[in-house]
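Subject: Structure for your reading

Dear colleague,

Please find the structure below, handed over for your study. My findings follow it, and I would ask you to read them with the structure open.

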Amino acid sequence: MSAFETFLSAREIWEVPLAASIVAGALLGALGVYVVLRRTVFVSAALTQVSTLGLVLTLLVEERVHIETEHATEQLAVAILFSVAGALVLGALRPRRLPAEATVGAAWVTASALVVLGVSQLVHAAHDLGGMVFGNAVAVPAGDLAVIVVVAAVCTAVHLVFAKELAFASFDPETAQALGLRVKLWDALLFLTIGLAIPVTARALGALPVFAFLTLPAAAALLLKVGFRPAFAVAAGLGVLAAGGGYVLSWAWEIPTGATMVALAALFLVPGAVLRRAGG
């Protein structure tokens, strides 16, 4: 039996994780256009650490006050709550004298330090923390797929309905404000969608693919000079190819799934880079 036939015969094992990977790849690829153009590529790392901080605080409450938070649903709800709150703060803070990377970096390092301090106070549950935050794209429960689909639908609807306002506030905030647009409100809405997407996809795929899908497909699309609006569709398509193709290749070659997805996504940078170099 060939590797492809073996893959098809095991459909019950891979159909849910593959579907979750494809939906996550499309969602993160499209959102990544804003992440790359606004130079906030470390936002996934920052919000993941903020989500982890929320779980650490929850575990501390469980150990000290004996309030049970063992269910995956409760853990995911806490991760989403903290990620969204962190995203709203990042969206509201837009210092004129500092690049956006400085704000995101400050959030990441502060949350990381607080996570370390919080974990140092845990007695029993520290070893379970990684599994609560990150998945591996191989074993994704159907419930996690459902959550990813709902989040993807909500984010897509928001970006389709408010595409003009989000783009205007993001890339020409002074003019937008002069015309009466509430820039901070639209920034907050943009980061809200990113804050929703990161914890649910990281729980299914892991931190590395989420970071990659928020940067590499969008960067590849922008290098191709396809235009601002088409870049969202191209980046989403590249995210789907990287997620789906990486999953299938990792199965056939028996290599780590998340790393294969990232490596495939990185290859999509090559055509655009070659075109840029050829065009001077």
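Helix 7 passes helix 10 in a left-handed crossing. This is a predicted model, and everything that follows should be read with that in mind. Helix 7 covers residues 142-161 and helix 10 covers residues 183-205; their axes come within 10 Å and cross at roughly 160°. Because angles over 145 degrees count as roughly antiparallel, helix 7 is described as roughly antiparallel to helix 10. On the side of helix 7, the contact is made by Asp144, Val147, Ile148, Val151, Cys155, Val158 and His159. Helix 10 contributes Leu189, Leu190, Thr193, Leu196, Ala197, Val200, Arg203 and Ala204.

Helix 12 (residues 216-223) packs with helix 13 at an angle of about 130°, and their axes are 8 Å apart. Helix 12 and helix 13 are therefore oblique to each other. The crossing of helix 12 past helix 13 is right-handed. Pro217, Ala218, Ala220, Ala221 and Leu222 of helix 12 meet Ala231, Val234, Ala235, Leu238 and Gly239 of helix 13. Nine residues of this contact are nonpolar, one is polar and none is charged.

Helix 13 also holds Pro230. Is Pro230 buried or partly exposed? Its relative accessibility is 39%, so Pro230 counts as partly exposed. Between the C-alpha atoms of Pro230 and Gln121 there are 49 Å in space, and the two residues are 109 apart in sequence.

Within helix 8 (residues 163-171), the buried residues are Ala163, Leu166, Ala167, Ala169 and Ser170. They are covered by elements including helix 2 (11-37), helix 7, helix 9 (173-178), helix 10 and helix 13 (228-253).

In soluble globular proteins, nonpolar side chains tend to be buried together. The largest nonpolar core here has 66 residues, of which Leu27, Val43, Leu47, Ile194, Phe213 and Leu214 touch the most other members. Helix 10 supplies the largest share of this core, 13 residues. Which residues does Ile194 contact, leaving aside its neighbours within four places in sequence? They are Leu31, Val35, Val43 and Leu47. Another core, of six residues, lies apart from the largest one; among its members are Val56, Leu59, Val115 and Leu122.

Yours sincerely,
A colleague

How values were computed:
Residues numbered from 1 in each chain as written. Predicted model: local features only at pLDDT ≥ 70, side-chain atom pairs only at ≥ 80, totals over all residues. Heavy atoms only, no water. Axes fitted to C-alpha atoms, helices over the stretch in contact; angles between N-to-C directions. Helix = DSSP H or I, 4+ residues; strand = E, 2+ residues; numbered from the N terminus. Parallel < 35°, antiparallel > 145°, perpendicular 65-115°, else oblique. Left-handed = near helix turned anticlockwise from the far one by under 90°. Contact = heavy atoms within 4.5 Å. Buried < 20%, exposed > 50% of the residue type's maximum accessible area, 1.4 Å probe, protein only. Core = buried A, V, L, I, M, F, W, Y, C linked by side-chain atoms within 4.5 Å. Nonpolar A, V, L, I, M, F, W, Y, C, P; charged D, E, K, R; others polar.
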